[in-house]
Amino acid sequence: MRKTIISLNEVSFHYEGQERNALHKVSFDIYEGEWLAIVGHNGSGKSTMAKLLNGLQFPQQGEITVCGIRLNDESIWEIRKKLGMVFQNPDNQFVGTTVQDDVAFGLENHGIPRDDMILRVGDSLKKVKMDQFLNQEPHHLSGGQKQRVAIAGVLALKPSIIILDEATSMLDPKGRGEVLETVRALKEEKALTVISITHDLEEAAKADRIIVMNKGEVYRKGNPEEIFSLDEELVHLGLDIPFSIKMSNAFRRKGINLSKHYLSEEELVNELWTFRSKI
């Protein structure tokens, strides 16, 4: 039986001056050890969701619990020990003059003893394959490398939950792949719970489960194959379905009946080779 690590119950939030709620009676659970992607177009409510989960805002109605603790202004610091966030622009997270100084910054703020701090910095950078860049200045790194250092800074604090808030949106395809591969490996190794808040369905395809937001409400929930079977519904919501799904649909229109929706180009190529061998 899956253990709930975060729960949202009838959560609503409204910004002053807006006609409708940014979030309206949103309820769902997030399970320990899963990768959940929360997707939606601009204005769907996903950005507000990120702020609420990190305690930058609090629900105006309903409640959020994290590891059994109700989120409010009294519990926020306890909850932030369990939860780390990686933001869209890694440059906005850097405060140290070197990579190791930057990863150590959060540990210093938490009063971690120096010997333990040195071990944590080295271990977290090794986990993201950036241990060869200890004394490198962050602004000399590529976008993907910067984001991996940002992830190391979160890992060093040993959270049980990591939130990626549009964390790959400013990266090129190579950098995006590096970051997602790193997160997947860390999730499996550390049994982390990962929440990816994104408009990129290519990224969402890597998740175990997807929640689609629309107009501040939960539109659909399901695994990637279930969500991508919606096809044109997703396009109508302003989302761009992955290239592999587009190609699968194009082949079907040409009479090539593939067995399912393929979530990666590699899967699609393998299926096409199998199909070709049967001709």
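Colleague: In which strand is the place of Asp165?
Modeller: This is a predicted model, so what follows describes computed coordinates. In those coordinates, Asp165 falls within the stretch of residues 161-165, and that stretch is strand β7.

Colleague: Which side chain of opposite charge is nearest to Asp165, and how far away is it?
Modeller: Asp165 is buried and yet has no salt bridge. A salt bridge here needs a side-chain nitrogen of Lys or Arg within 4 Å of a carboxyl oxygen of Asp or Glu. For Asp165 the nearest side chain of opposite charge is that of Lys46, at a distance of 7.7 Å.

Colleague: Leaving aside its neighbours within four places in sequence, with which residues is Asp165 in contact?
Modeller: With those sequence neighbours set aside, the contacts of Asp165 include Met85, Val86, Phe87 and Gln88.

Colleague: Is Gln88 buried, partly exposed or exposed?
Modeller: Gln88 lies in the loop between β6 (83-86) and α3. Neighbours within four places in sequence aside, Gln88 is in contact with Gln147, Asp165, Glu166, Ala167, Ser169 and Met170. Because buried means under 20% relative accessible area and exposed means over 50%, the value of 38% for Gln88 makes this residue partly exposed.

Colleague: How far apart in space are Gln88 and Leu171, C-alpha to C-alpha?
Modeller: Along the sequence, 83 residues separate Gln88 and Leu171. In space, their C-alpha atoms are apart by 9.3 Å.

Colleague: At what angle do helix α3 and helix α5 pack?
Modeller: Two packed helices are described by the angle between their axes and the distance between the axes. For helix α3 (residues 99-109) and helix α5 (residues 143-155), the axes are 8 Å apart, and the angle is about 35°.

Colleague: What is the handedness of the crossing in which α3 passes α5, and which residues make the contact?
Modeller: The crossing of α3 past α5 is right-handed. By class, the contact has four nonpolar, one polar and one charged residues. On the side of α5 the contact is made by Val149, Ala152 and Gly153, and on the side of α3 by Val99, Asp102 and Val103.

Colleague: Which residue forms a salt bridge with Glu188?
Modeller: Side chains of opposite charge can pair when their charged atoms come close. The closest N and O atoms of the pair are 3.4 Å apart, and the partner of Glu188 is Lys187.

Colleague: Why does the pair of Arg184 and Asp208 tie together parts that are apart in sequence?
Modeller: The side chains of Arg184 and Asp208 meet in a salt bridge of 3.7 Å, N to O. Arg184 lies in helix α6 (residues 173-190) and Asp208 in the loop between α7 (201-204) and β9 (209-214), so the pair ties together parts that are apart in sequence by 24 residues.

Colleague: Which residues are linked with Arg184 in a network of salt bridges?
Modeller: Arg184 counts as partly exposed at 23% relative accessibility, and Asp208 is partly exposed at 35%. The network of salt bridges links Arg184 with Lys187, Glu188 and Asp208.

Key
Residues numbered from 1 in each chain as written. Predicted model: local features only at pLDDT ≥ 70, side-chain atom pairs only at ≥ 80, totals over all residues. Heavy atoms only, no water. Axes fitted to C-alpha atoms, helices over the stretch in contact; angles between N-to-C directions. Helix = DSSP H or I, 4+ residues; strand = E, 2+ residues; numbered from the N terminus. Left-handed = near helix turned anticlockwise from the far one by under 90°. Contact = heavy atoms within 4.5 Å. Nonpolar A, V, L, I, M, F, W, Y, C, P; charged D, E, K, R; others polar. Buried < 20%, exposed > 50% of the residue type's maximum accessible area, 1.4 Å probe, protein only. Lys, Arg positive; Asp, Glu negative; His and termini not counted.
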